[in-house]
Amino acid sequence: METQPNFNFNQFDIKLETETIGRNFLYFNEIDSTNSVLMSKTSKDVNGTVVFAEKQLKGKGRFSNSWESEKGQNLTFSILLNIDKHLKDKLNYLNLGTAQVLASTIESLFHLQVEVKWPNDILIKRKKAAGILVETLSLGADIKKAVIGIGLNVNQTKFIEEYNYPPTSLKLELNQQVEREKILAEFLNNFEELLWKIRNKPNTIMQSWREKCDMIGEKICLNQNGKLIYGVFDDIDENGQLLLRTEDRIEVMNFGDVRMVN
Ligand code: BTN
């Protein structure tokens, strides 16, 4: 028997103020992965489509990890963007910008302090509340589309797996049940504004991200496919790459999993 509350589409729609993002909305009770739906060859690729699932059977995380999320409790969704000439060199802005916008959306709705962890994790009190997986499809040398997948822990209170950063949810942080519809609508409104900024004011994006990151200046360990590199998180550059200060130089890093070292 179905016991989880379903997503209330009317409550979501009333708060959605976008022109494009989320106007084509595909709702699934169960699906393998919302990212996979939009990455598949059969996707109609309507720009701004949002695919939402109550339960993913094969939710994907970064570094080939899985993303586990209890049915009906959280937000697991993906956004499709057709990549035009304005966006094609700006995928890092999309990557880091999405994290910054998600962090700001949660902060302003719930008055929680939310941090970003390079490049695109969302932490509350050093625990992971959300993850973002951006996948792209290229034709020859051109990136044709990007799929931005987001998993935000909203009302789940029990988590099984152990990670570098233990999981948390909004309910665990606020001690109360949270309405998913409002968060999704508000995030998509802000995400559409991010796309405008990427086109018109790209420089502001990396600065806003920095302001949400408390690791800058701290000792960190970067895990690149099992290779551990220690140093100080000096900054990010204008492309969102991590600048790692080691003993004698600054190295530019473009992937890896970061953790703070005490
Ligand atoms: C990570 O932190 O490893 C990224 C997690 C991304 C999970 C989301 S849930 C919705 C979308 N569909 C997927 O299969 N993955 C992303």
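Mentor: The protein chain is assigned domain 1 (9–211) and domain 2 (219–260), with bounds that come from an automatic or database domain assignment. This is a predicted model, where local features need pLDDT of at least 70, side-chain atom pairs count only at pLDDT 80 or more, and totals for chains, interfaces and linings use all residues. Residues are numbered from 1 along each chain as its sequence is written.

Trainee: How many residues does the contact take from domain 1 and from domain 2?

Mentor: The contact takes 12 residues from domain 1 and 8 residues from domain 2; two residues are in contact if their C-beta atoms, placed from the backbone, lie within 7 Å. On the domain 1 side, helix 3 (91–110) and helix 6 (203–211) each supply at least two residues. Helices (H or I, at least four residues) and strands (E, at least two) are DSSP runs, numbered from the N terminus. Helix 3 gives the largest share of that side, 4 residues.

Trainee: And which residues have the most contacts inside the largest nonpolar core?

Mentor: Those are Ala99, Leu102, Ile122, Ile148, Ile150, Leu184 and Phe191, in a core of 59 residues. Such a core is a set of buried Ala, Val, Leu, Ile, Met, Phe, Trp, Tyr and Cys residues joined through C-beta atoms within 7 Å. A residue is buried if 20 or more other C-beta atoms lie within 10 Å of its own, exposed if 12 or fewer, and partly exposed in between, with C-beta atoms placed from the backbone.

Trainee: What does Ile150 touch?

Mentor: Leaving out residues up to four places away in sequence, Ile150 touches Leu75, Phe77, Leu102, Ala130 and Ile132.

Trainee: Switching to helix 5, which elements do its buried residues pack against?

Mentor: They pack against helix 1 (9–15), strand 2 (50–56), strand 3 and helix 3. The buried residues of helix 5 include Leu184, Phe187 and Phe191.

Trainee: Last one: is Val232 buried or partly exposed?

Mentor: Val232 is partly exposed, with 17 other C-beta atoms within 10 Å. Val232 lies in strand 9 (residues 227–236). Apart from neighbours within four places in sequence, Val232 is in contact with Gly217, Glu218, Lys219 and Arg245.
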